Amino acid sequence: MSSRRQTDHLEITASVHRQMELFSARVSDIMNESDTVKSLRLEVPHPDFSFRAGQWVDFFIPGVDTVGGFSICSSPGLLQREGVIELAVKYTRHPPAHWIHTKCSVDSQVAVRVGGNFYFDPQPSDPVVDLLLIAGGVGINPLYSILLHAADLLRQTHGHRYTPGRTHLCYSAKNTKELLSKNTIIDICHERLDKFSCDFHVTQQSSDIEQELQPYTISDTHCYLCGPPPMIEKVSSDLKRVGLSEDKILFEKWW
């Protein structure tokens, strides 16, 4: 999210569907996912709390006026099994993110409210579809939730259920240290080679790529674009935003 999006989260998402009820949550664990990202595990004990893979939460902190907006990066199945959700938050000076990185501790009490129209929630009668998940930086969070949900659905062996098609994740970050949850992603791909695959792209890697990541990681990317002018302009902008340098984005203007 941009700084403006973070600052005005409630305003910008005012027209987006969200649950009406606010749910109390307890921070049960805090982990360093990378040099710049902390993950939180939140216990949400209320039986009415639920979410769909890909959604976010309004994040309310006692004593902090600004409301945060963070994507849930765990699966609905984890909530059903253990009563918890997980968030991965990148460090910024924005008050909610800053509080998470500097003041939050185990047993901290917060409140959350689920929202978002961007989700993967297939029903048993839905047609089978393949998924292409494309993530840049911490944009992995909602897509990781979707990936985990697809894996959970494939593991189910009872009842009338939806069986996903193939899922491919294309994930870009500055370096391999910033590839969040990379080991779990690889494990999921190994678990079902017929259903899951991934490509990692790093744009500012200054050291050798770890041996175990080399089969999945591309470090010197040149992108060739071809299509209508609005598409080229939008994709070029997105690629630069996730760290690909302008000299590696190649296209020909016919307009």
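Rings of Phe, Tyr and Trp (its six-membered ring) count as a pair if their centres lie within 6.5 Å; planes under 30 degrees apart make the pair stacked, over 60 edge-to-face, and anything else tilted. By that rule, this structure holds six aromatic pairs. Keep in mind that this is a predicted model: local features need pLDDT of at least 70, side-chain atom pairs count only at pLDDT 80 or more, and totals for chains, interfaces and linings use all residues. Residues are numbered from 1 along each chain as its sequence is written, and side-chain values use heavy atoms, with hydrogens and water left out.

**Aromatic pairs**

- Phe23 and Phe49 sit edge-to-face, 5.2 Å centre to centre with 75 degrees between the planes.
- Phe23 is in strand β1 (residues 23-32) and Phe49 is in the loop between β2 (37-43) and β3 (56-60), so this pair ties together parts 26 residues apart in sequence.
- Both Phe23 and Phe49 are buried (under 20% relative accessible area, using a 1.4 Å probe and protein chains only).
- Tyr171 and Phe200 are edge-to-face too, because their ring centres are 6.1 Å apart and their planes are at 80 degrees.
- Tyr171 belongs to strand β8 (residues 167-173) and Phe200 to strand β9 (residues 196-202), so their pair links parts 29 residues apart in sequence; strands are DSSP runs of E, at least two residues, and helices are runs of H or I, at least four, numbered from the N terminus.
- Phe59, Phe70 and Trp99 are linked into a cluster by ring pairs.

**The largest nonpolar core**

- A nonpolar core is a set of buried Ala, Val, Leu, Ile, Met, Phe, Trp, Tyr and Cys residues joined through side-chain atoms within 4.5 Å.
- Of the 35 residues in the largest one, Tyr171, Ile185, Phe196 and Phe200 touch the most other members.
- The largest share of this core, ten residues, comes from α5.
- Tyr171 has a relative accessible area of 0%, and Phe200 has 0% as well.

**The second largest pocket**

- A pocket is an open set of points on a 1 Å grid over the protein atoms alone, where a 1.4 Å probe fits, with protein on both sides within 12 Å along at least five of seven lines; lining residues have an atom within 4 Å of a point.
- This pocket is lined by 22 residues, and Glu86, Tyr144, Leu148, Ser181 and Thr184 lie nearest its centre.
- Helix α5 gives the largest share of the lining, six residues.
- Domain 1 (9-115) and domain 2 (130-253) both contribute to the lining, so the pocket lies between them; the domain bounds come from an automatic or database assignment.

Conventions
Buried < 20%, exposed > 50% of the residue type's maximum accessible area, 1.4 Å probe, protein only.
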